[in-house]
Amino acid sequence: MHAIRAAHAFDGTRFLPGGATVFLEADQIVGVETGRGDLPDGVEVVEYGGTVLPGLIDCHTHLVADSTVGGLERAGAMPDEAIDIVIIESLRAHAAAGVTTVRDLGDRDYRTLVFRDRPGLPRVVASGPPLTTPGGHCHFLGGVVDGDLRAAVVARAERGVDVIKVMASGGFATLGTDQLGAQFTVAELAALVDEAHGAGLPVVAHAHSAIGMRNAVAAGVDGIEHFTGLTSEGPRIDDDLLHEVARRGVYIDLTMGSDRSLLSRMPAPPPPLAALAARLGFTSFEAFYLSRIGVFSRLREHGVAVVTGVDSGMGPAKRHGNAWRTIGELVEGGHTVAEALAAATSVAAEACGLAGKTGRLAAGYAADVLIVDGDLAQDPSLLSVPREVLVRGTPVGLA
């Protein structure tokens with residue numbers, strides 16, 4: 001057994017007064033004491049003047065995408081060996097940034113499943129190829145369903161996935177899809193949810209459109225990704241929908257965490273997307289992004305459970321390891337630092353089906369630990385430079 005002692009500590013739900021000493025044995029946390037308590041004989045301790053907290057969780061990543069423009073589309077045609085190399089490099093980037101768990105919401109040929117518990121790499125919660133319509137969003141990943149959604153869920157359960165991902169609307173990464181409409185009816189989604197829940201699997205829905213969001217909520221999904229609220233008149237997220245989302249306990253992931261310094265340098269969108277942006281009144285990537293941060297405050301006001309996901313891998317602004325950026329954005333959107341950190345740790349763990357396993361500094365939890373310099377309660381940007389990272393007790397080599 002050994003110990004980490006830090007002047008400041010966040011345990012996954014709150015900041016601990018006077019810091020904490022975290023006792024570790026192999027891949028587990030075996031005890032946490034606030035302040036500077038006495039150490040048992042023979043226990044070696046490493047002391048830090050900064051903050052210790054649970055490792056971060058990125059609830060929406062695409063490990064098969066290499067964070068270049070078009071990377072996810074190219075993955076649809078890459079050889080398995082090349083995809084595996086991208087997956088490993090993606091996981092290494094997450095770990096180096098303090099992310100100890102990722103939820104992959106769209107791979108090809110279930111390639112991510114074999115990487116779920118590699119020593120020194122983040123734990124992977126995997127969906128396999130997302131369910132979509134013929135020609136629908138991300139159809140190139142191989143998850144097209146033309147008819148029986150229940151059978152598609154059964155096939156994924158037999159492959160051993162951890163979560164079912166369904167495309168409830170079109171998406172910006174797939175030209176020709178309807179970002180304002182719905183890819184499945186409420187009845188179709190409800191059948192999918194029923195089959196998944198019967199197999200013990202949660203369901204998360206990709207939904208940019210307001211109708212896709214409403215369909216997903218009515219069908220009983222467990223989480224909604226993006227939650228953009230697009231209509232033909234522009235973005236719209238009504239209070240009644242937020243109330244219902246909170247009442248049902250649906251986890252919302254706005255998929256933020258972009259490197260905002262790169263937004264102004266993003267290439268011009270293809271003509272169909274440029275026309276859609278103009279129709280919806282989006283004057284620039286930056287203006288649209290700032291409007292999304294404002295949604296965080298409305299989610300908080302309605303008591304909606306928010307989690308941190310980046311859609312990492314989807315382009316240069318959404319690199320693997322960007323989860324820390326979402327915490328500052330949550331604070332910018334009105335959350336306290338503790339609430340924002342919880343969204344990236346304990347609440348994210350619940351959303352990923354890992355409650356009781358990770359996301360907390362507590363006895364019996366995995367030794368997924370992040371240490372940063374300084375007092376995180378005063379400055380969330382300190383997360384940008386991890387001091388130490390442990391993934392299930394294994395130290396991550398940091399540059």
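**Close-up views: pockets, cavities, salt bridges and cores**

**View 1. Second largest pocket.** R116, D117, R123, V124, V125, D162, P202, C352, G353 and L354 line the second largest pocket. The model is predicted: local features need pLDDT of at least 70, side-chain atom pairs count only at pLDDT 80 or more, and totals for chains, interfaces and linings use all residues. Residues are numbered from 1 along each chain as its sequence is written, and side-chain values use heavy atoms, with hydrogens and water left out. A pocket is an open set of points on a 1 Å grid over the protein atoms alone, with protein on both sides within 12 Å along at least five of seven lines. A lining residue has an atom within 4 Å of a point. The volume of the second largest pocket is about 190 Å³, taken as the space filled by probe spheres set on grid points joined across faces, edges and corners. Its lining splits into five nonpolar, one polar and four charged residues. Nonpolar covers Ala, Val, Leu, Ile, Met, Phe, Trp, Tyr, Cys and Pro; charged covers Asp, Glu, Lys and Arg; the others, Gly among them, are polar.

**View 2. Largest pocket.** The largest pocket holds about 1300 Å³ of space. Its lining has 50 residues. F172, A173, M266, L273 and F285 lie nearest the centre of this pocket. By class, the lining has 27 nonpolar, 17 polar and six charged residues. Elements that each supply at least two lining residues are α1 (71-75), β9 (164-167), β10 (203-209), β11, α7 (271-280) and α8 (285-301). Helices (H or I, at least four residues) and strands (E, at least two) are DSSP runs, numbered from the N terminus.

**View 3. Largest cavity.** A cavity is a set of grid points where a 1.4 Å probe fits but cannot get out. The count is two cavities of 30 Å³ or more. The largest has about 50 Å³ of space. Its lining consists of R103, P202, V204, D222, G223, I224, E225, Y251, V307 and A351. Strand β11 (residues 223-231) gives the most to this lining, with three residues. Six lining residues are nonpolar, one is polar and three are charged.

**View 4. Second largest cavity.** This cavity has about 40 Å³ of space. Around it sit D253, L254, T255, M256, F296, V306, V307, T308, G309, T326 and L330. The lining divides into six nonpolar, four polar and one charged.

View 5. Side chains of opposite charge can pair when their charged atoms come close. A salt bridge here is a side-chain nitrogen of Lys or Arg within 4 Å of a carboxyl oxygen of Asp or Glu. The whole structure has 23 of them. One joins E47 and R5, at 3.4 Å from N to O. E47 is in strand β5 (residues 44-54) and R5 in strand β1 (residues 2-10), so the pair links distant parts of the chain, 42 residues apart. Buried means under 20% relative accessible area, exposed over 50%, and partly exposed in between (1.4 Å probe, protein chains only). R5 is buried, at 7%, whereas E47 is partly exposed, at 43%.

**View 6. Salt bridge D238–R214.** The closest N and O atoms of D238 and R214 are 3.3 Å apart. D238 lies in the loop between β12 (234-235) and α6 (239-248), and R214 in helix α5 (residues 210-219), 24 residues apart. D238 is partly exposed, at 24% relative accessibility. R214 is partly exposed, at 32%.

**View 7. Salt bridge R260–E332.** R260 and E332 meet at 2.9 Å, N to O. R260 is partly exposed at 32%, and E332 is partly exposed at 46%. Elsewhere, salt bridges that share partners join D80, D84, R108, D109 and R111 into one network.

**View 8. Nonpolar cores.** In soluble globular proteins, nonpolar side chains tend to be buried together. A nonpolar core is a set of buried Ala, Val, Leu, Ile, Met, Phe, Trp, Tyr and Cys residues joined through side-chain atoms within 4.5 Å. The largest core has 97 residues. I224, F227 and L299 have the most contacts inside it. L299 touches F227, L242, I252, L254, V304 and V306, not counting residues up to four places away in sequence; contact means heavy atoms within 4.5 Å. Another core, of 15 residues, lies apart from the largest one and includes Y48, V52, L361 and I371.
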